[in-house]
Amino acid sequence: MASDELRRLLAATLSPDKASVDAAAAGLDRAAADPRFPLAILAVAAGDGDQGVRVAAATYLKNFTRRNIESSLSSSELYKEFRDQLAQALLRVEPAILRVLIEAFRQVVEKDFVKDNLWPELIPQLKLVIQSSNLISPGHHPEWNTINALKVLQSVVRPFQYFLNPKVAKEPVPQQLEQIAAEILVPLQVTFHHFADKVLLSPDGAKFEYEQLLLITCKCVYFTVRSYMPSTVKQILPSFCKDIFRVLDSLDFNSLLEDGSMIRHKIAKRCLIIFCALVTRHRKHADAQMPHIVNCAIKISKQSNNLSKLGSLPNRIFSLAFDVISRVLETGPGWRLVSPHFSSLLDSAIFPALSLNEKDIAEWEEDTEEYMQKNLPSELDEISGWTEDLFTARKSAINLLGVIALSKGPPVASAASKRKKGDKRKSERSSIGELLVIPFLSKFPIPSHGEDASSTGVRNYFGVLMAYGGLQDFLTEKKDLSVTVIRNRILPLYSLDPCSPYLISTANWAIGQLAICLPEAMSTSIYNSLMKALSMEDVEDITCYPVCASASGAIAELIENSYAPPDWLVLLQAIVKRISTGDENESALLFKLLGTIVEGGQEKVLPHIPEIVSNIANTVMKLLPPVPDPWSQVVEQGFSALVAVAQAWESSAPDENKKHEKRVWQSGQSAIAQTFSMLLQKAWLSPVLDNSCSALPPPSCVNDVSVLLEFVMRSVTCMEEAASMKVFELVPIWADTIANWDSWEEMEDQGVFNTIKEAINFHQRFDLTGFFLKMLSSQSENASLSSVIGRVSNFVTRAISVYPSATWRACSCIHMLLHAPNFSLGTEDARKAIAVSFARTAFSHFESISDSPAGIWKPLLLAISSCYICYPDAIEQVLNSYDDNGYATFASSLAQVSSSSFSSGLSSESEIKLAVLTLSTVIERLLVLNMGATKVLQDCYVSLIESCIQLKEIQEDGDNDDDDDGAEDLDDDEEEEDSEDDDEDSEDDDVREETEEEFLERYALVAAGDTIKVVEEGDLDEETQDIELGSLDEVDVQQVVLSLVQNQPALQAQTLPDNLVEKISETFPEYEILCQVHRQA
């Protein structure tokens, strides 16, 4: 294609007109068939002309390369020409084009250089280019841009930041990386030193390009040492680190930052990341530099009092400085290097980072969610020097404080390590937490009444509370100290009137963090304080939402850690009352907390559920919009809380022999169901009855409302209750809603499928007139006629076609929908229609995954089997509509799944029974089609006999289960006792740190998949399931098979494996004549 035509098509892709864009894209796709197309479009991208067109060309080339890199872009010679021209183009294009083309180049490098190692000339040529580029050797090749050349180097070295073969425990440094290090990085160190001089000594206006070069070089070094350590890099580490120290020492955060300091800060961030990598991965090579690394990081961290004036990038630099110190402290020489600085670090670096500042106050008002995410995280990572990516200076300072507090002098114990029981020597050694940290925090007094956020006392005490929350691991070991901290340093804050909301929110968070070490005796005081915070009103113009949110989070933490409130009812009533009076944001939080309380309290909360459930439902009803707009978050959280209530109540059902308790429970069940019904009527029926809207309800929290409807249907015991709860009015709207549901990727759906099954059960018990099978007008836009069963079937069909992870659940529903409903003669056509629809969708899905046998085969093939048993001729026609061999494919695959050799084969009695009945029908059909001598029939027959034997064994095992239960219980008790003994023994063992060799070996095992269980598409937790067979369950399967064999001489002529014949004889001795026939055959 001519260059002008190519430019015209590329220009058209920038048009606002969609038709023009589509036509241009189609034209480019046609042009891409030309072997020289990559060269042509690269010429446009790297040439002159409109930059928009050139960016479009570079973008198309990037995507074209991604699609075709594995299959080779064109012929070998043309590909090499393209590869070389792409590399040359990168050296001279401007940044806007470079950013796009470099991505295409990266794909080429990863395949040709890293993976296949088929580009030996790349490194020598790149070395020459860098040495001759414009900023390193002015005048030699002015067209070779040094920045571009180093960007190319960065792309070449980037893939080596990760282990190329993680399955190998001690993978050697790749040959390509050794070559890069020896030929480019080592010589580049001298240039790096020169760049550093230019940056540090030149006037401001002359250093921008050199700062960019420093940054790119630092990235290259980081990618080189993140996982590996090339031998030649070890030699330049001292001089390279020396230049890094010079750059980091030049940072000054005490004055207002200049506009041009962004690149310098990026360089500093990358340097600190390199230090983290050296300390973590290559300590033995960095030991000589550790004192300088520590001093450099401490110098930066001691400027943290300026954090309130700084942006996110400097904040990240401080975070990394704290992380470097934490990592060094966890190493062997760490105590010696860091301990002399503990006091100054605490006073001048860590505490200023924890204290309240102007930026915190601004974020509190402007973006409370951002404030809470940064400062009140619901879960801190485990305190450790090896914690990665804390990202904020405050979180990293908290982590460092925790590491320091746990330190006890040499030998340094890991923060995660445990002491051996009875080891008095270790327990007597005081930690820095006792000797330094707690005394330091204790010198800050609790603020007096009425102090506001501008006071030094409030700002400092904010930092004290932050510190206490970060000392969770330390205080867990010191229970007496934790009691003192809670009683004397945290709880008194709640008595201040007024008290700063900034302090109360942080105190709430600290209590939540210390939940694991709170004494039972303080339960009343702690919960009273948190409930007081929960109801705290806004203070003048300061919102108290973070106070409510942190109190809610703290109560949730306490309950999840089994720290029970003194009175569950009081707690529940306080939360329900607050929900009814608070704003929507608070109510959403409290609904979530309510669900946590119900799940955590279990039997202690259950007696109070009937009392509170109507209050919750009434609040939700008030919050429902008058017309079916999408529901707000608070409404969705309300339904979620009610689901937790429903599930907790159902799980508490007493045994049938406890008649009194059962009657009380059923009375509560009925009352709760009536409340749920009223809520669903308000959500679904009221808008229609009020003539405010005839559209479908919003598809909000469909799973949760399905669970509530399931609860209602399960609670119905007579027709009168069904009428009073309006089940026959609610179910059609629910079915209509799920039939038009498209949120497959966003929400859970287990409740929907469970409700489908309960709806079928309800239909069998109470739908005497066949209402669920009657055609009803839909509330959807097209207002079509459909039955409840039809709508549900539409949902199941779409689930299989567009939501693969729901395949097991959807296929399970297929069996119920085909075999359980009371189809009458007038609705038989409807049953046939849904069977055809199910079979078509299931087989289409199966065809897409049929290349390799997998566990997901089973539910799909069994679903097709259910359809086939009902309507053999129609389903055979459906299968053959895909291709002429579709029916044989189904037969062969079903035989494979039913075979004893299939890894995820049939397991439940109902699955095997359905497979046997289907295989019998299939075999008869194959014989009619004159396929008696084919492998398909042989496979089906062998699988049929194997399944019969397996069915008989399962039925016999079921008869013996009752006899075995007692012995199994005894075995379980013995195993539990043994495990308890093992736990006690394990606690007595020394827990030591994992060595580098052990870590690498474990890492390799995991990468190799030895400890990973492969999860296939679908829901493997439902791999064994009892499926609904309806009247088919009454069929005598053994008689069907015997009759088939006796009446089909072609089957008697089939040869069965000897071991299978012997197994027939053992399992079915009454069929000895049959065994003799097959032995003769």
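These legends go with close-up views of a cavity, a nonpolar core and a serine.

This is a predicted model, where local features need pLDDT of at least 70, side-chain atom pairs count only at pLDDT 80 or more, and totals for chains, interfaces and linings use all residues. Residues are numbered from 1 along each chain as its sequence is written, and side-chain values use heavy atoms, leaving out hydrogens and water.

**View 1. The second largest cavity.** The structure holds eight cavities of 30 Å³ or more (a cavity is a set of points on a 1 Å grid over the protein atoms alone where a 1.4 Å probe fits but cannot get out; lining residues have an atom within 4 Å of a point). Helix 10 (208–225), helix 11 (231–249) and helix 12 (262–281) each give two or more residues to its lining, and helix 11 gives the most, with four. Among the lining residues are Leu185, Thr224, Phe240 and Leu278.

**View 2. Ile490 in the largest nonpolar core.** This core has 366 residues, and Ile490 and Phe639 have the most contacts inside it (a nonpolar core is a set of buried Ala, Val, Leu, Ile, Met, Phe, Trp, Tyr and Cys residues joined through side-chain atoms within 4.5 Å; buried means under 20% relative accessible area, with a 1.4 Å probe and protein chains only). Leaving aside residues up to four places away in sequence, Ile490 touches (heavy atoms within 4.5 Å) residues including Leu465, Tyr468 and Ile511.

**View 3. Ser943 and its contacts.** Ser943 sits in helix 45 (residues 935–988). With a relative accessible area of 3%, Ser943 is buried. Not counting residues up to four places away in sequence, Ser943 touches Ala895, Ser898, Ser899 and Leu919.

Terms used
On a 1 Å grid over the protein atoms alone, a cavity is a set of points where a 1.4 Å probe fits but cannot get out, and a pocket is an open set with protein on both sides within 12 Å along at least five of seven lines; lining residues have an atom within 4 Å of a point. Grid points are joined across faces, edges and corners, and a volume is the space filled by probe spheres set on the points. Buried means under 20% relative accessible area, exposed over 50%, partly exposed in between (1.4 Å probe, protein chains only).
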